[in-house]
Amino acid sequence: HFNLQRKVDGLLREYLSQRPMNRGSLSDSASTGSNNNRMATDEGFFDHQEPQKPISAVMEKILKRKSLQLREQQLAWQETVEGQKMLEFRRGLPAYKAKEALLAAISQNQVVVVSGETGCGKTTQLPQYILESEIEAARGAVCSIICTQPRRISAMSVSERVAAERGEQLGESVGYKVRLEGMKGRDTRLLFCTTGILLRRLLVDRSLKGVSHVIVDEIHERGMNEDFLLIVLKELLPRRPELKLILMSATLNAELFSSYFGGAPMIHIPGFTYPVRTHFLENILEMTGHRLTSYNQIDDYGHDKQWKMQKQTLRKKKSQIASAVEDTLEAASFREYGSRTQDSLSCWNPDSIGFNLIENVLSHICKNERPGAVLVFMTGWDDINALKDKLQSHPLLGDPSRVLILACHGSMASSEQRLIFDKPEDGVRKIVLATNMAETSITINDVVFVVDCGKAKETSYDALNNTPCLLPSWISKASARQRRGRAGRVQSGECYHLYPKCVYDAFADYQLPELLRTPLQSLCLQIKSLQLGSISKFLSMALQSPEQLSVQNAVDYLKVIGALDEQENLTVLGRHLSMLPVEPKLGKMLLLGAIFKCLDPILTVVAGLSVRDPFLMPFDKKDLAESAKFQFAGRDHSDHLALIRAYEGWRKAETERSGYEYCWRNFLSAQTLKAIDSLRKQFFHLLKDTGLLDDDLTSRNAWSTDEHLIRAVICAGLYPGICSVVNKSKSITLKTMEDGQVLLHSNSINAREMKIPYPWLVFNEKMKVNSVFLRDSTAISDSVVLLFGGSISRGEFEGHLKMLEGYLEFFMKPDLAETYLHLKRGVEDLIQNK
Ligand code: CDP
Ligand code: MG
């Protein structure tokens, strides 16, 4: 590590002698000393408001004229054949009947809660009604309507749709903005953006100056960002009396939101869904011709703990229901069901691969039912793929050329997306396998049959062990209702719930809000950078507040990585991190990559970690794919270095016009690599704007590719995501502080190793499935942990040494320890103050 030390030392000297950052948004914050910081915290969030300037008479005239023009444009468009068609379509939507009531409520109240079934026209129509009424009132050129969406994909597709309905190009009066991407012009009056974007805007524009309407969509999902935004808006409203807030929900839990906003009026848009016949497991089994006898085997199924608990609570709750369960269970013995009893049993437990029940229902539909598309709700991508493979040539479904099986996923290619929405040719049965994302955010119009497994993979957060979990769990009644509703969009439909009615009765009414089931680090950082005061006090104002322990864990994490100081004040590093549109750990990696002049490879790592893994692992060729990935890793024991090499190889191949072939040969996703490439560019420009990059560093050649240095910066970002490595004769034992023994995900390079000749692994993510699994990891040495792990004060340094038990002897050699301490302080100062 001589090499590394010399580098760190040299860079330190060089940097410390340099001037501080010069320009850009980040440098503004860099000049805010910690004193200012604290003052701002005490001052509170909204006191900075500037009074709105009155508009001059001339300006008013100009704006009025502009508004008039907009109106004339619209009218002209509506005269055209296409415009007529659009108008007709729009008038046919259920929301149209409620238009006047909606607009009246909005004009008379500051906050309005709107609910209505998915597809009734909330997202596409309501913002347009507002825009149109503003244009009518000659305010078309001054209004500014922001409509937030929980997902990128919906912000983009909805804005496109609305622009088309208005006969415009995107970026005229309608635009969108999502992370690192957008289409928005000077005259854009209606902006669809992700909730994250609006939160980011609040960072620089605390009172949302100039915004006339904020519409928060899909609040029933109770996403973390939406819950957070609602707290901020609730604080803002009294200070911006002319700002209107509209909340939109697909389910009927409007009361909750209404009472949160002091009894805001609620408007429900009655839908026109066709009746949907509901089948629970009891009659499905009968329908598919399976009689059932005993229920002993159900206990095998009891390995599913959740089900056991469900059964127990049911027993406790109501003996009546309990006996209903018994009856159903009795009825649901799977002994005669198919020939592979085990297989069919596991269909109760959709996380394991056993699809008999689904297959039988599908076969029943294909053989006996009327035409119409089928939508199958499953738990995850793996299950979807496995079932798709199995169904593709399934004799039960009849002639394979008459069935079109499609998988639906957030990151699918757009050509594939089209197929999902398009009506197949006559006589072809479209079957779409989807996760719960098809519940509300996308709408497939020709669905007549819904098959619902009753489970969804849900992230949760184990605050006690500070570990995120991803486990399939029973859905809520609201989700089940939503899934059912997808069947009745164009005609009456059928819904097959693959669980007994009594299990449905025991479902929770609504899903637990995300705020209560995710780690809160980014959120806490945002609270601090928005100067919203004490984190725990702020979060106690949420619709439902998270556990104190979760909050504490997040604050502790931010302190460890040096984003907050001991008094919970934002540090300079913290302020920088809050400005970057990535997780704090990835942001830290970027900043350090810039400071230590190895940004180029670090850009690849950060882009890779924020998109998705470009290494493909097809089920049937897993061995080949793993070997291909292994080749990139060499003897480096690092998934991140493998990623860098794979990307570099692809870039080279691209210049030789053989990128596609390269991907094919190496089991890489060209699409993902392209996405990484474009993210890299965007991150680079962001950092350049901060003034962190000298002009002479804009050429790729100016960046170090020293592998030790890259490892060190990766460690700096991922710490405290670290586990110790102990090589046994035949296996490797990995341990983290919180979880004890952990395992490596099978896709990791290091999972294939017999021995890892390093004492530590840093990892990007850990996830509790049954055991705790680590995803991408990089092996690192003691010195790197000491120099780049976390933040340091003397006390913490000693804590560090304790953690490095077994290596104490070496590091306690007084001169060496001093050297490290000195160097590390230097690194720390550099990060915090420059
Ligand atoms: O927000 P909500 O679920 O209430 O409905 P919406 O997204 O406003 O969609 C209203 C209608 O517009 C749907 O029933 C679709 O038929 C149609 N739509 C469309 O054709 N293309 C889109 N990209 C979005 C909506
Ligand atoms: Mg919607």
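Strand S1 (residues 111–116) is joined to S8 by four bridges, and the two strands run parallel. Within this pairing, Ser115 has His268 of S8 as its bridge partner. The model is a predicted one.

S1 and S8 belong to an open sheet of eight strands. The strand order is S4-S3-S5-S2-S6-S7-S1-S8, and the pairing is mixed. Strand S4 (181–183) and strand S8 (266–269) form the edges, each pairing on one side only. From one strand to the next, the twist averages 20 degrees. Strands of a sheet pair through backbone hydrogen bonds, in parallel or antiparallel fashion.

The average pLDDT is 78, and 76% of the residues score at least 70. Strand S6 (residues 213–216) has the highest confidence, at 98. Helix H3 (residues 34–43) has the lowest, at a mean of 29. Over residues 15–51, pLDDT stays under 50. For this stretch the model has 50 contacts beyond four places in sequence. Over residues 792–798, pLDDT also stays under 50, and the model has six such contacts there, beyond four places in sequence. The model scores ipTM 0.99 and pTM 0.71.

How values were computed
Residues are numbered from 1 along each chain as its sequence is written. Chains are lettered from A and ligands numbered from 1 in the order in which they are written. This is a predicted model: local features need pLDDT of at least 70, side-chain atom pairs count only at pLDDT 80 or more; totals for chains, interfaces and linings use all residues. pLDDT is the predictor's confidence in each residue, from 0 to 100. Two residues are in contact if their C-beta atoms, placed from the backbone, lie within 7 Å. Two strands pair if DSSP finds at least two bridges between them. Axes are lines fitted to C-alpha atoms, for helices over the stretch in contact, and angles run from 0 to 180 degrees between N-to-C directions.
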